[in-house]
Amino acid sequence: MAGYTLGEKLLYLRLWAAYYKKPKMIAWLQNTEQLDVSDLNNTYVKAMVDRLEKDKSPKGWIGYFGI
């Protein structure tokens with residue numbers, strides 16, 4: 001319904017504490033990129049935007065805000 005196609009890269013924004021973070025091999029197999037929202041600062045966001053502008057492949061986004 002949201003337009004995500006299975007197999008596209010999935011950018012997953014959340015607080016990736018050590019006990020939530022997936023091993024690199026699992027993340028690679030699932031084609032996910034774990035973006036830690038606790039690192040959101042101007043430098044991190046600019047680097048992420050620059051990387052996304054260079055990679056024109058379709059991507060899905062998932063994220064949430066929790067207190």
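Me: Is Asn31 buried or partly exposed?
Reply: In this predicted model, Asn31 counts as partly exposed, because its relative accessibility is 25% and a residue counts as buried only under 20%.

Me: And where does Asn31 lie?
Reply: Asn31 lies in the loop between H1 and E2, and although Asn31 is not a glycine, it has a positive phi of about 55°.

Me: Let me step back then. How many helices and strands are there in the chain?
Reply: The chain has two helices and three strands, and if you read along the sequence they follow the pattern β-α-β-α-β.

Me: What box do the C-alpha atoms fill?
Reply: Taken along the principal axes, the C-alpha atoms of the chain fill a box of roughly 30 × 25 × 25 Å.

Me: How much of the chain is made up of buried residues?
Reply: The chain has 67 residues, and buried ones make up 24% of them. As for contacts, if you take those in the chain with a separation of 6 or more, 44% of them are accounted for by residues 24 or more positions apart.

Me: Okay, strands now. Which strands does E1 pair with, and over how many bridges?
Reply: E1 is joined to E3 by five bridges, with the two strands running parallel, and E1 also pairs with E2 in the parallel sense over five bridges.

Me: Which residues stand opposite each other there?
Reply: On the side of E3, Lys9 stands opposite Lys59. On the side of E2, Tyr12 stands opposite Gln34, and Leu13 stands opposite Leu35.

Me: Are E1 and E2 mostly covered or mostly open?
Reply: E1, which spans residues 9-14, is mostly covered, with five of its six residues buried, and E2 is mostly covered as well, with four of its five residues buried.

Me: What sort of unit do E1, H1 and E2 make?
Reply: Together with helix H1, which covers residues 24-29, the strands E1 and E2 make a right-handed β-α-β unit.

Me: Switching to rings. How many aromatic pairs does a search of the whole structure find?
Reply: The search finds one aromatic pair. That pair is formed by Tyr12 and Trp16 and is edge-to-face, with 5.0 Å centre to centre and 85° between the planes.

Me: Are Tyr12 and Trp16 buried or exposed?
Reply: Tyr12 is buried, because its relative accessible area is 19% and the cut-off for buried is under 20%. Trp16 also counts as buried, at 6% relative accessibility.

Me: Which rings does Arg14 lie over?
Reply: Arg14 lies over the face of Trp16, at 5.1 Å from the ring centre, and the charged end of Arg14 also sits over the ring of Tyr20, 4.1 Å from its centre.

Me: Back to Lys59, which came up opposite Lys9. What does its side chain reach?
Reply: The side chain of Lys59 reaches the backbone oxygen of Ser57 at 2.7 Å, and a polar atom of that side chain lies 2.9 Å from the backbone oxygen of Asp55. Lys59 itself lies in strand E3, which runs over residues 59-63.

Me: Last one, Ser38. What is its place in the chain?
Reply: Ser38 has its place in the loop between strand E2, residues 32-36, and helix H2, residues 42-54. The side chain of Ser38 is joined to the side chain of Asp36 by a polar contact of 2.9 Å.

Me: Why does Ser38 count as partly exposed?
Reply: Ser38 counts as partly exposed because its relative accessible area is 49%, and exposed would need over 50%. The C-alpha atoms of Ser38 and Gly60 are separated by 20 Å, with the two residues 22 residues apart along the chain.

Conventions. Residues numbered from 1 in each chain as written. Predicted model: local features only at pLDDT ≥ 70, side-chain atom pairs only at ≥ 80, totals over all residues. Heavy atoms only, no water. Buried < 20%, exposed > 50% of the residue type's maximum accessible area, 1.4 Å probe, protein only. Polar contact = N/O pair within 3.5 Å; in protein donor to acceptor, adjacent residues only side chain to side chain. Phe/Tyr/Trp six-rings, centres within 6.5 Å; stacked < 30°, edge-to-face > 60°. Lys NZ or Arg CZ within 6 Å of the ring centre and 35° of its normal. Pairing = 2+ DSSP bridges. Right-handed = clockwise from strand over helix to strand, strands pointing away. Contact = heavy atoms within 4.5 Å.
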